[in-house]
Amino acid sequence: MWTIIIDILTLITLIVTAFYVIKYWEETQAMKREMITQNRISSQSLKSSLLPVLCVQLETVKADPDLSQSKIQFAYDIFVENIGNGPAFNVSVQRSIIPDENKQKLALRPTPRHKLEQFSKTIPMIGRGERTKIHREHSDSYEYVRIKVSYKDHFRDLHKCIFEGDRDGLKLKDYPVLQDYQNIKWEHIEES
């Protein structure tokens with residue numbers, strides 16, 4: 001009789017112990033997931049604090065007052081500016097012409113004296129807050145262009161961005177690294 005009571009008490013003790021072990025395991029798994037999330041967020045935060053963000057800008061060249069007798073030619077400079085928090089290394093800039101875009105604008109304008117040409121330029125480094133002139137364009141053409149910029153950050157991760165437009169200005173078309181950081185931020189907000 002006593003052996004049956006001891007067996008029942010042992011069984012109850014084992015069931016209660018198993019219940020608490022399972023609960024403890026579930027809690028440690030939840031803590032592990034939270035730690036992984038926090039590590040990922042802090043890693044991304046560190047990377048974003050050193051992330052270079054490159055912007056391509058067009059700036060019309062002003063006429064030199066000393067040359068007031070000569071005929072003013074249209075020209076603009078193409079700059080790459082680092083508006084991010086860290087240096088950009090091995091910056092590669094490539095401009096290509098997209099002939100099928102801007103047909104209406106081209107039809108409404110007089111024929112340009114010079115056509116735009118493709119170019120490629122490599123810059124070893126653009127530091128935080130630095131602005132680098134990469135090209136002076138003397139064409140008055142409204143041809144549509146795509147400017148691809150690729151560079152590496154402090155962690156040697158490769159980043160790319162694409163700008164498109166004409167001499168009236170450029171628009172950012174694609175910048176995956178900024179979208180990735182935006183998605184991580186939204187994922188963290190949704191999990192909270």
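I134 is found in strand β5 of this predicted model. The residue is buried, with a relative accessible area of 6%. Strand β5 belongs to an open sheet of three strands, in the order β1-β2-β5, with antiparallel pairing.

**Surroundings of I134**

- Not counting residues up to four places away in sequence, I134 touches I78, V80, V93, F119, K121 and I123.
- I134 and V56 are 78 residues apart along the chain, yet 9.7 Å separates their C-alpha atoms.
- I134 counts as buried because its relative accessible area of 6% falls under 20%.

**The three-stranded sheet**

- The order of the strands in this open sheet is β1-β2-β5, and their pairing is antiparallel.
- Its edge strands, each pairing on one side only, are β1 (54-60) and β5 (131-137).
- On average, and with direction ignored, neighbouring strands of this sheet are turned by 25 degrees against each other.
- Strands of a sheet pair through backbone hydrogen bonds, and the pairing is either parallel or antiparallel.
- Seven bridges connect β1 with strand β2 (residues 76-82) in the antiparallel sense.
- Within this pairing, Q57 has F79 of β2 as its bridge partner, and C55 stands opposite E81 in β2.
- On the other pairing, β2 and β5 run antiparallel and are joined by six bridges.
- The bridge partner of I78 in β5 is H135.

**Burial of strand β2**

- Seven of the seven residues of β2 are buried, so the strand is largely enclosed by the rest of the structure.
- Both faces of β2 are covered.
- One side carries Y76, I78, V80 and N82, and the other carries D77, F79 and E81; all of these are buried.

**The largest nonpolar core**

- The largest nonpolar core has 24 residues.
- The residues with the most contacts inside this core are L54, V56, V91, V93, I147 and V149.
- Two or more residues of the core come from each of β1, β2, β3 (88-98), β4 (119-126), β6 (144-152) and β7 (158-166).
- Strand β6 gives the most to the core, with four residues.
- Leaving aside neighbours within four places in sequence, V91 is in contact with L54, K121, T122, I123, I126, V149, S150 and Y151.

**Cysteines**

- The count of disulfides in the model comes to zero.
- A disulfide is a covalent bond between the sulfur atoms of two cysteines.
- The closest cysteine sulfur to that of C55 is in C161, at 8.5 Å, which is too far for a bond.
- Likewise, the sulfur of C161 has its closest cysteine sulfur in C55, 8.5 Å away and too far for a bond.
- C161 is buried, with a relative accessible area of 0%.

**Aromatic residues**

- The count of aromatic pairs comes to one.
- This pair is edge-to-face, because the rings of F19 and Y20 have their planes at 75 degrees, with their centres 5.4 Å apart.
- F19 is partly exposed, with a relative accessible area of 47%, whereas Y20 is exposed, with a relative accessible area of 57%.

How values were computed. Residues numbered from 1 in each chain as written. Predicted model: local features only at pLDDT ≥ 70, side-chain atom pairs only at ≥ 80, totals over all residues. Heavy atoms only, no water. Disulfide = S-S within 2.5 Å. Buried < 20%, exposed > 50% of the residue type's maximum accessible area, 1.4 Å probe, protein only. Pairing = 2+ DSSP bridges. Axes fitted to C-alpha atoms, helices over the stretch in contact; angles between N-to-C directions. Core = buried A, V, L, I, M, F, W, Y, C linked by side-chain atoms within 4.5 Å. Contact = heavy atoms within 4.5 Å. Phe/Tyr/Trp six-rings, centres within 6.5 Å; stacked < 30°, edge-to-face > 60°.
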